[in-house]
Amino acid sequence: MDIDDRAGRPGSDRDDLGSQVRDLVAPLISRFGPGGGRLRLGFSTAHYDQAASELEAFARPLWGLAPLAAGGGAFDHWELWRAGLAAGTDPEHPDYWGAVFDRNQRLVETAAIGLTLALAPERIWDPLTGRQRDTVAAWLRHAVTVEPNNNNWMFFPVMVGLGLDRVGVSCDHDANTARLDRLEQFDLGRGWYSDGPTWQRDYYIPFAMHFYGLIYAALADDPARAGRFRERAAMFAQDFQHWFTSEGVAVPFGRSLTYRFAQSAFWGALAFAGVEALPWEVTKGHLLRNLRWWARRPIRDTAGLLTIGYGYPQPHMAEQYNAPGSPYWAMKAFLPLALPAEHPFWAAKEADAPPLPEVSTQPEAGVALMRCEEGRHVVMLSAGQRNPWARHGAAKYAKFAYSTRFGFSVPAGTLKLEQGAFDSTLALSEDGEHWRPCELPDDASASDGVLHARWTPWDDEEIETWLIALPPWHVRVHRIRTGRALRTAEGAFAVDRDRPPTRVDTGPGRARLDSPNGLCVIEDLSGRREGALVTALPGTNVLAPRTTIPTLKGDLPPGEHLLACAVIGLEGAGSASAGPEGAAEWPEPPTWDSVEPLLGPAPTP
């Protein structure tokens, strides 16, 4: 049984979410090791050791189990987590997890344990013996003393402190106060944070920075800081709602996509902290629609375990810190189960997604979001984000467009366009074999639906890129100064090819594809390129295992050049106006004359 699609029925959705937690946890029960402290879901290939991987699998389900218990929900296997906590924190036990140390994965997992002590001590703390409490307390108190990474990790010892306070164990509050002060320095205004001193403005802002801040606001005795956390979250909600379609699909973007429905955990955290940023019925709808969409995706294996991947099992797209238990961060979405049934969040009748403007420019994140097809399709244009360290960081942050319908692709190799899977980006090559896409954009800006950035694939080449939101189209313009001859390939969206196209059209200045899985068109506005269809290697796209990418190809001599194209993605096979057989009309792109005034100083093609 996958996530239950009954969620959202008036009067029954809270019970349904409780059932979902138990259903997701059920396949884990038989995976506990004999000592109780290790939950073994498979062999870890993450950068951290196997013990930390098994601690991760043990701790992350608690993000759902702790709220379930706090709200009075039944669960029959708390003795496993009690025994595991006692064993894993005991240096004399074979299942000892090892001490937490600076910037270590074990610190990440302490946050879920801290929340469980804070919300449900009667389940995991009160039944322990005196000695067991001593070892648990000592292990967690030590965790509060170590150095986190300079980003959302600073919230982890804060979460531990909340749990220790609840069970009457003292810890270093001064250290946590300093961490909270540092976290607030990442405030960018209008409700946005950065995740540390980085360029990242991804799902770590809602499901980490805001999520932990709202828990702190609800549980800590710190009214001034709690007020700031609540105020920022209320502002952020106004922007974040644009990241979801009217059907609850979130834009796939950035790292840690294997956490899946954690992307909607922010909505439940608003309720937990009592922040009515949007009417309760609207907030509730954002959460439940996203959970229902995930119910229809093949994200669990035959044993019922959550898999590494996004829209399907896809280890290839994972980061170097994804172990078998990593996907259970998704359980954060169940935080509002801690609220009583009479809370206004649960008492409200789920509302449809509200109408929103077609374009939302969010300069703090360097993105513009377009609502197409009456909100059923959201396209995020991105020009200002970069991540040089995460696996496939360029594909996850620096492509020009990310789509709820077509996803995005990660490369499968270093040779040829088929391996590169260069959807929604411009790739350049000297030999036609090795290609470089946009990887580290710089000098970015975003205003009124127009994004701009610079990037440098080679030392003697500079590219300026403008992205223009003209829904349902977006336009890309590139001013290229190059000291070498180059081949170019610019991809549109990647279309699921499992059902054959109903029509295709490639030739000078165009690459068009229409199929039951989607219509995608890329039109050359600069008049220099030839259209083609690139068959990407399987397993490259985060939503569809096999895709075709409409692409424009061309050659550039040394010098200065301007390339421009328009791209559209729609529902397929019938979304375009159909005339007589073989004469269906393709969508009409915007003209260069309508685009040029939006570009400022860029030259004409």
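This report walks through a predicted protein model, from its confidence to a few helices, residues and cavities.

## Ground rules and confidence

Residues are counted from 1 along each chain as its sequence is written. The model is predicted, so local features need pLDDT of at least 70 and side-chain atom pairs pLDDT 80 or more, while totals for chains, interfaces and linings use all residues, and side-chain values rest on heavy atoms, with hydrogens and water left out.

The average pLDDT (the predictor's confidence in each residue, from 0 to 100) is 94 for the protein chain, and 96% of the residues score at least 70. Residues 1-12 are another story: pLDDT is below 50 there, and the stretch has 28 contacts (heavy atoms within 4.5 Å) in the model beyond near neighbours in sequence. Over residues 576-583 pLDDT also stays under 50, with eight contacts beyond four places in sequence. Where pLDDT is low, the predicted coordinates should not be read in detail.

## Two helices

Helices (H or I, at least four residues) and strands (E, at least two) are DSSP runs, numbered from the N terminus. Helix H7 covers residues 130-143, and its 14 residues reach 20 Å from first C-alpha to last, close to the 20 Å expected at 1.5 Å a residue; that expected span is 1.5 Å times one less than the number of residues. Its buried residues (under 20% relative accessible area; exposed is over 50%, partly exposed in between, with a 1.4 Å probe and protein chains only) are Thr135, Val136, Ala137, Trp139, Leu140 and Ala143. They pack against helix H2 (50-59), helix H4 (78-88), helix H5 (105-119) and helix H8 (155-166).

Helix H13 (residues 280-295) should span 22 Å for its 16 residues, and the end C-alpha atoms sit 23 Å apart, which agrees. H13 is mostly covered, with 15 of its 16 residues buried.

Gln362 belongs to strand S3 (residues 359-362) and counts as buried because its relative accessibility is 0%. Its side chain makes a polar contact with the side chain of Trp243 at 3.0 Å. A polar contact here is a pair of N or O atoms within 3.5 Å; within protein, one must be able to donate a hydrogen and the other to accept it, and residues adjacent in sequence count only if both atoms are side-chain atoms. Setting aside neighbours within four places in sequence, Gln362 is in contact with Arg190, Trp192, Asp239, His242, Trp243, Val367 and Leu369.

Glu364 sits in the loop between S3 and strand S4 (367-372), and is buried at 17% relative accessible area. Residues up to four places away aside, Glu364 touches Leu188, Gly189, Arg190, Trp192 and Arg201. Arg190 itself is in the loop between strand S1 (187-189) and strand S2 (192-193). It has a positive phi of about 55° although it is not a glycine, and counts as partly exposed at 37% relative accessibility.

Arg14 is in helix H1 (residues 13-25) and is buried, with a relative accessible area of 18%. A polar atom of the Arg14 side chain lies 2.9 Å from the backbone oxygen of Gly71. Not counting residues up to four places away in sequence, Arg14 touches Gly71, Leu337, Leu339, Pro340, Ala341 and Trp346.

Gly407 is in the loop between strand S6 (401-403) and helix H16 (416-420); with 1% relative accessible area, this glycine is buried. Beyond four places in sequence, Gly407 is in contact with Pro252, Tyr402, Asp423, Asn541, Val542 and Leu543.

Pro471 and Pro472 are joined by a cis peptide bond, with omega about 5°. Pro472 falls in the loop between S10 and strand S11 (473-482).

His392 isn't a glycine, yet has a positive phi of about 60°. It lies in the loop between strand S5 (377-382) and helix H15 (393-397), and is buried at 16% relative accessible area.

## Cavities

Strand S9 (450-455) and strand S10 (461-470) each supply at least two residues of its lining.
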